[in-house]
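Colleague: Could you walk me through this model and the terms you use for it?

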Amino acid sequence: LVDALGESPLPETEWRALAELLGPELLADLLGISPSSLRRYATGARRTPDPIAARLHFLASVVADLRGTYNARGVRRWFERPRSALGGRAPKDVRRGPWDPDDEGPRAVRALARSLLVGSAT
């Protein structure tokens with residue numbers, strides 16, 4: 001049950017938290033949407049489409065892992081800095097265009113974020 005809940009997107013709560021932490025420009029870029037679409041979805045003016053809700057939830061999970069190691073500024077910078085584990089690419093550059101959390105690039109980003117959480121627990 002806990003795993004199922006952890007995989008369930010809740011855009012109504014995730015929009016505000018991620019926009020505050022990442023800023024609307026970086027969040028829109030990470031989601032692959034325009035800043036104006038972000039505003040409409042975040043305010044509830046438009047229903048968040050399921051693919052965008054899945055990406056938003058994925059980012060919320062990555063950010064939750066990073067918050068175990070980084071402060072807010074560090075989380076933002078983590079997405080923009082090249083990582084050797086990602087072939088020298090920054091996490092924000094691993095995906096382009098419409099992406100799915102189950103794609104290879106996003107899965108590598110999530111694994112990298114989780115490895116930081118595991119490493120800080122030891």
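Modeller: W15, L18, A19 and L22 in α2 meet P24, L26, L27, L30 and L31 in α3. This is a predicted model, where local features need pLDDT of at least 70, side-chain atom pairs count only at pLDDT 80 or more, and totals for chains, interfaces and linings use all residues. Residues are numbered from 1 along each chain as its sequence is written, and side-chain values use heavy atoms, with hydrogens and water left out.

Colleague: What makes that a contact?

Modeller: Contact means heavy atoms within 4.5 Å. The residues where α2 meets α3 divide into nine nonpolar, no polar and no charged; nonpolar covers Ala, Val, Leu, Ile, Met, Phe, Trp, Tyr, Cys and Pro, charged covers Asp, Glu, Lys and Arg, and the others, Gly among them, are polar.

Colleague: Why is H57 called buried?

Modeller: H57 has a relative accessible area of 11%, and buried means under 20% (exposed is over 50%, partly exposed in between, with a 1.4 Å probe and protein chains only). So H57 counts as buried.

Colleague: What makes the pairing of the H57 and E14 side chains a polar contact?

Modeller: Their distance is 2.5 Å. A polar contact is a pair of N or O atoms within 3.5 Å; within protein, one must be able to donate a hydrogen and the other to accept it, and residues adjacent in sequence count only if both atoms are side-chain atoms.

Colleague: Which helix holds H57?

Modeller: H57 lies in helix α5.

Terms used: Helix = DSSP H or I, 4+ residues; strand = E, 2+ residues; numbered from the N terminus.
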